[in-house]
Amino acid sequence: SSHRLAGRIVTTRALALALLAALAGCGPPQRPARPEIPARRCDGASLDECRARCERDEPGSCFVLGMLLLKGERVARDVREGAAYVVRGCEAGDGPSCLALADLAAHGRGVPRDPARAQALLERALGLLERSCRARGDADECFALVHVLETGRGRPRDVGRAAAVLEGGCREGFVRLCQELATRYLGGEGY
């Protein structure tokens, strides 16, 4: 209803203004900032480290290694091996791995082209990203989720849900998500 929408706009504006005031030092944030939990993935600087961490059942590191191989960054490009690491990460429940695997399956890169599987992987990725975003405050995974929701990427765009993800993270005290919400709001991106 129009009253709900108006209330949401007022709430979003209030959050953005409160964030800007807090960032400018004009007032304390309503909740203490929550620290981001360290990523459960290698940083990609050392392929050996990524490989070792993937082998120790750290699916985020499988994702990073897979992407390096797929792109040919700091290593010879190997689409088949890169896809295998991405599959391993997705099977272990890593949202970014499932999101990447959805793209690979949609285009037949390193795995058989399968649009139905790609769609199922996309939905799985969204669920995993949302859980990780809410439970851990993993800003990278929150941003990946928001990006998919805002752009559509194989499904209808859902800017309202993207805004809810950012607003929820901001209310929980995740500063990077508050900054992103304020940036989108002030940029007039439909928030």
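Biologist: How far apart are the end C-alpha atoms of helix α3 (residues 59-71)?

Modeller: This is a predicted model. At 1.5 Å a residue, the 13 residues of α3 should span 18 Å. The distance between the end C-alpha atoms agrees with that expectation, for it is 18 Å.

Biologist: Which helices are included in what covers the buried residues of α3?

Modeller: Helix α3 is mostly covered, with 11 of its 13 residues buried. Among them are Phe63, Val64, Leu65 and Leu70. The cover over the buried residues includes α2 (47-55), α4 (79-91) and α5 (95-107).

Biologist: Which residues touch the most other members of the largest nonpolar core?

Modeller: In soluble globular proteins, nonpolar side chains tend to be buried together. The largest nonpolar core here has 47 residues. Leucine 104 belongs to the group asked for, and beyond its neighbours within four places in sequence it is in contact with Leu70, Ala83, Val86, Arg109 and Val111. The residues that touch the most other members are Val86, Leu99, Leu101, Leu104 and Val111.

Biologist: Is arginine 41 buried or exposed?

Modeller: The cut-off for a buried residue is under 20% relative accessible area. Arginine 41 has a relative accessibility of 14%, so arginine 41 counts as buried.

Biologist: How many residues apart in sequence are the parts tied together by aspartate 138 and arginine 41?

Modeller: The side chains of aspartate 138 and arginine 41 meet in a salt bridge, at 3.4 Å from N to O. Aspartate 138 lies in the loop between α6 and α7, and arginine 41 in the loop between α1 (2-23) and α2, so the parts tied together are separated in sequence by 97 residues.

Note on methods: Residues are numbered from 1 along each chain as its sequence is written. This is a predicted model: local features need pLDDT of at least 70, side-chain atom pairs count only at pLDDT 80 or more; totals for chains, interfaces and linings use all residues. Side-chain values use heavy atoms; hydrogens and water are left out. Helices (H or I, at least four residues) and strands (E, at least two) are DSSP runs, numbered from the N terminus. The expected span of a helix is 1.5 Å times one less than its number of residues. Buried means under 20% relative accessible area, exposed over 50%, partly exposed in between (1.4 Å probe, protein chains only). Contact means heavy atoms within 4.5 Å. A nonpolar core is a set of buried Ala, Val, Leu, Ile, Met, Phe, Trp, Tyr and Cys residues joined through side-chain atoms within 4.5 Å. A salt bridge is a side-chain nitrogen of Lys or Arg within 4 Å of a carboxyl oxygen of Asp or Glu.
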